[in-house]
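Thanks for asking me to look this over with you.

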Amino acid sequence: MAEDSLNSAPKAVVIGGSTGSIDVLLQVLPTLTPPLTYVCIIVLHRRNTADSTLAHLFSLKTTIPVREVDDKEPIQPGIIYLAPADYHVLIEHDRTFALDDSEKVHYSRPSIDVTFESAADVFGSSLVGILLSGANADGTAGLKAIKRRGGMLVIQQPETAQATMMPQQAILNTQVDYILDIKEIGTLLNNLNL
Amino acid sequence: MVMIEDEQIDLLLSDLFELYGYDFTHYARASLKRRINRVWSLDKFPSFAELRYRLRTDTEYIKRFVEELTVNVTEMFRDPSFYKSLRLDVLPTLAAKPFIRIWHAGCSTGEEVFSMAILLKEAGLLHKSLLYATDLNPDVLASARKGIVALSQMKQYSENYLLSGGKADFSMYYTAQYGYAKFLDELAERMVFSTHNLVSDRSFNEFDMILCRNVLIYFDKALQQRVLSLFDESLGLLSYLALGAKETLRFSSLEAKYRPLNGEKIWRKIA
């Protein structure tokens, strides 16, 4: 199964998405079996209002704790972290989060590329990058960085995505390991749980 | 894409400190790394050696490099609910003071300073206020001093202004010319701009309020604590400290002496 292609047990899963990705997560989250043994970080393009209703919405769908990232927060397995509106999320080598409000990337802050590249730097080959539905080119450069460090790439099957551009860009431009539909993404996330 | 190695970052940081006195060693590393990669590819250096040579030898280039290392993204009335809270909860408590001193630490190009001046004017307090605006970067201060922003931003800023509880026609605060908006001199007259480096410089006055929003996120914990202590020394009893939306006094030595205002990142010194 999927985890065989990882060089080591997954330490972290980063999930990126834009248009249409919230629905995917609302379907996937209830299928996850707690507790999670890995770190899960979700970066979604969203309106830049500083409210945390999205984290609340997700937390209704799973008993796994869902939390918006705070600056300098230590990263713990078993928690689903959500990038806050209007900040990029980076990861330090001491496994703490670092927030950044620098220029938008692909018109987006948070940007998926920024978090994926930073996570690749820290988690190396024990990282899984998952890219979901979206109408934007964000995510592809980040997936390339994950691959360079020996991590695993998973893309939502474009036919099942509300917006196909983001997954299609990634499939065309990166060495994808798995192209999965929504149900299979949930199965994979459970199989990564060791 | 270029990717700088961590050892190379250490070399650049010690050059910057030894040759020019800029100490970035306590900046948050992940973000700093991105900034360096960014300026490396923007300025098209073919190799690390060439980037380093330019930094060590070109004193003009150093200005640009430092400006690119630091993040100068800012906007007017960012997080409108924060400004609403300043209007409703903070400014009324300062009204009885004979004189109001406010420090914008890390003010970048000054958008937040002009936002504050507008709030003070609308509260009838501007004439007895002084806004100290500091940044480590002389070029962004020069830009702030002019009080000029791109006209294309004004739609967003005027929306933010209304959401912050502004009731006036926002366009009365500036004149538009050649694609730029210039703020009224009346606002700038109450501002003092000066370079100040939070890493190395000391307190220079006592203030009724200090605003330092989205600056601490770029520092490591040790430097955050240093800067917060500097702010604490610069605040009198019942004065205010305002931070960015994701910054906090939690886990700092200030926590016990400051009481948070409901909801927003504003604290009042109570001990």
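1. Which helices and strands of chain B each supply at least two residues of the lining of the largest cavity? They are helix 2 (29-42), strand 1 (100-105), helix 6 (111-122), strand 2 (129-135) and strand 7 (207-212). Helices (H or I, at least four residues) and strands (E, at least two) are DSSP runs, numbered from the N terminus.

2. A word on conventions before we go on. This is a predicted model, where local features need pLDDT of at least 70 and side-chain atom pairs count only at pLDDT 80 or more, while totals for chains, interfaces and linings use all residues. Residues are numbered from 1 along each chain as its sequence is written, chains are lettered from A and ligands numbered from 1 in the order in which they are written, and side-chain values use heavy atoms, leaving out hydrogens and water.

3. The largest cavity holds about 480 Å³ of space. A cavity is a set of points, on a 1 Å grid over the protein atoms alone, where a 1.4 Å probe fits but cannot get out, and lining residues have an atom within 4 Å of a point; a volume is the space filled by probe spheres set on the points, which are joined across faces, edges and corners. Among the 33 lining residues, those closest to the centre are Val71(B), Gly106(B), Asp135(B), Asn214(B) and Val215(B). Helix 2 of chain B gives the most, with three residues.

4. Now turn to the second largest cavity, with about 50 Å³ of space. Its lining includes Ile15(A), Leu25(A), Tyr38(A) and Leu189(A). Helix 1 (21-28) and strand 2 (39-44) of chain A are the elements that give two or more residues to this lining.

5. Next, the rings: the whole structure has 23 aromatic pairs over all chains. Rings of Phe, Tyr and Trp (its six-membered ring) pair if their centres lie within 6.5 Å; planes under 30 degrees apart count as stacked, over 60 as edge-to-face and the rest as tilted. With centres 4.8 Å apart and planes at 65°, Tyr81(A) and Phe97(A) are therefore edge-to-face.

6. Tyr132(B) is in strand 2 and Phe207(B) in strand 7 of chain B, so the pair ties together parts that are 75 residues apart in sequence.

Terms used:
1 Å grid on protein atoms, 1.4 Å probe; cavity = no way out; pocket = protein on both sides within 12 Å on 5 of 7 lines; lining within 4 Å.
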